[in-house]
Amino acid sequence: MHREHHHSSRKLIFLTLWIMISVLLLPLVYSGPAAAQTKGGAVFVIPVDQEIEQGLGKFMERGFAEAVDSKAGLILLDINTPGGRVDTAEKLGKLIKDSPIPTVAYIKGEAASAGSYIALSANKIAMKPGSIIGAAALVDGRGNAITDPKTIAWWKSSMASAAEAGGRNPDIARGMVDSKTTVSIPEMNFNKENGQIISLTSEEALKLGYADHIASSEQEVIQWMGYSTDDVIRVERTWAEKAAEILTNPIVQTLLLFIGIAGVVIELLVPGFGVPGILGVLGFGLYFFGNYIAGFAGSETWLLFIIGLALLILEMFIPSFGILGILGSISLVAGVVRAAYNMQHAFISLGIAFAGAVAVVAIIAVVFKDRGIWNRFILQERLTADQGFSSVVNRETLLGQRGVSLTPLRPAGTVLIADERVDVVTNGEFIAPDMPIIVSKVEGGRIVVKADASV
């Protein structure tokens with residue numbers, strides 16, 4: 001009886017200890033794995049939601065630098081872009097690959113052309129249902145397909161390399177670029193034929209390994225990557241970057257160049273207003289400011305513009321047979337073109353702006369012809385007799401006056417009248433020196449004398 005009681009007591013003690021240990025370990029059992037899944041560090045969200053050009057490149061470089069300075073745990077690229085400059089995309093791809101912080105590309109719209117390269121450069125790719133990736137064929141500024149074999153080979157190699165680095169089928173990337181490349185995709189029972197360009201939906205990309213996850217929101221992507229959604233920092237564009245985005249629009253740039261050219265020329269040709277000159281300088285200033293902030297223009301573009309403007313002003317005051325004007329025009333055009341991100345677009349904008357400015361300046365010159373700078377080089381006043389001016393001295397006061405001939409009059413000579421030497425003529429008669437004379441006629445500047453018979 002005593003032995004059974006002792007045995008029961010031991011079982012009760014073990015059961016109590018087991019319950020206590022279970023209670024103590026229970027939080028660790030359930031919280032331990034969850035805690036291990038949540039990685040440390042803030043999540044930086046960088047939007048890639050515009051055409052890929054150098055301005056976007058500067059913005060993304062700033063975002064990556066801020067993420068590194070903040071010791072972020074993850075960079076999420078929020079992608080929805082039609083593409084853009086492939087040279088800029090290549091630089092951004094290197095920026096993403098060299099980042100010490102893990103990156104995930106979240107395609108929530110389209111990652112076309114250069115946008116697909118940026119997505120493939122990230123460590124992971126997540127796509128929103130209905131989004132697409134691909135269609136990376138090269139086109140020029142007018143949307144026409146680029147057919148240069150070397151350029152296509154380079155871009156095709158770049159896309160394939162980016163895909164292969166992420167463990168994806170490089171042939172599919174080649175098919176996104178080159179319409180002449182044939183690609184067999186047995187997973188989809190599809191063969192890309194000559195003339196086709198590959199573009200994948202989110203479901204197709206997931207099946208082919210061109211997407212690692214499908215998510216309906218950024219928060220879902222962040223949680224899928226193992227990070228907390230409580231510390232998410234979205235990199236926003238500064239006011240200067242937003243202004244640069246507007247100012248570098250081709251239509252806005254054409255308008256700014258028109259205002260700049262017309263304003264400055266009107267102020268130079270028809271000075272005195274002040275407003276055209278201010279507007280002209282403001283137009284050029286905004287043009288260069290937008291391109292400078294966007295990363296297109298350097299300090300040399302400002303220098304070229306200032307030199308060109310100075311030479312044009314000098315041409316108006318210093319005769320140089322057009323040399324200063326030609327040099328000034330070349331410098332001005334070079335500054336404007338070098339400041340733009342695309343030379344072709346710059347020439348088109350400059351041509352349209354110049355044509356419009358010429359028309360406006362011509363109208364202003366006609367309307368305000370009396371105020372033009374050309375009036376400085378034209379004698380405008382007329383010296384009339386009513387104002388007391390005469391081209392000859394009026395000698396009618398000499399009529400009837402007497403004097404003495406100083407030289408022989410044959411018939412012209414010089415006489416002395418009231419202590420004044422006067423050039424005179426006779427009607428043909430000869431008068432010797434020191435002979436008395438009298439003025440018989442005055443015809444403008446012609447003074448006629450004859451011998452004074454009264455003496």
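Is Thr 301 buried or exposed? Thr 301 is buried, because its relative accessible area is 0%, and buried here means under 20%. Keep that residue in mind as we walk through the model, which is a predicted one.

Let us begin with the whole chain. Its secondary structure comes to 14 helices and 15 strands. The chain has 455 residues, and buried residues make up 39% of them. Contacts also reach across the sequence: of those with a separation of 6 or more, 60% are between residues 24 or more positions apart.

Now back to Thr 301, which you will find in helix α12, residues 299–315. Setting aside residues up to four places away in sequence, Thr 301 touches Phe 288, Gly 335, Arg 338 and Ala 339. Some of these names return when we look at two other helices, α11 and α13.

Helix α11 covers residues 275–293 and helix α13 covers residues 323–339. How do two such helices get described? Two packed helices are described by the angle between their axes and the distance between the axes. For α11 and α13, the angle is about 40° and the axes lie 9 Å apart. That angle makes α11 oblique to α13. On the α11 side, the residues that meet α13 are Tyr 287, Phe 288 and Asn 291, and their counterparts in α13 are Gly 335, Val 336 and Ala 339. Sorted by class, this contact has 4 nonpolar residues, 2 polar ones and no charged ones. Phe 288, Gly 335 and Ala 339 take part in this contact, and Thr 301 touches each of them too.

Take Met 159 as an example: leaving aside its neighbours within four places in sequence, Met 159 is in contact with residues including Ser 116, Tyr 117, Leu 120 and Met 176.

Our last stop is a sheet. Strands of a sheet pair through backbone hydrogen bonds, either parallel or antiparallel.

Look closely at strand β12, residues 413–417: 4 of its 5 residues are buried, so β12 is largely enclosed by the rest of the structure. On one side, 2 bridges join β12 to strand β11, residues 402–405, and Ser 405 stands opposite Val 415. With strand β13, residues 420–424, β12 pairs over 5 bridges. There, Leu 416 stands opposite Arg 421, and Thr 414 has Asp 423 as its bridge partner. β12 and β13 form a hairpin with 2 residues between them, and Ala 418 in the turn has a positive phi of about 55°.

Terms used
Residues numbered from 1 in each chain as written. Predicted model: local features only at pLDDT ≥ 70, side-chain atom pairs only at ≥ 80, totals over all residues. Heavy atoms only, no water. Axes fitted to C-alpha atoms, helices over the stretch in contact; angles between N-to-C directions. Parallel < 35°, antiparallel > 145°, perpendicular 65-115°, else oblique. Contact = heavy atoms within 4.5 Å. Nonpolar A, V, L, I, M, F, W, Y, C, P; charged D, E, K, R; others polar. Buried < 20%, exposed > 50% of the residue type's maximum accessible area, 1.4 Å probe, protein only. Pairing = 2+ DSSP bridges.
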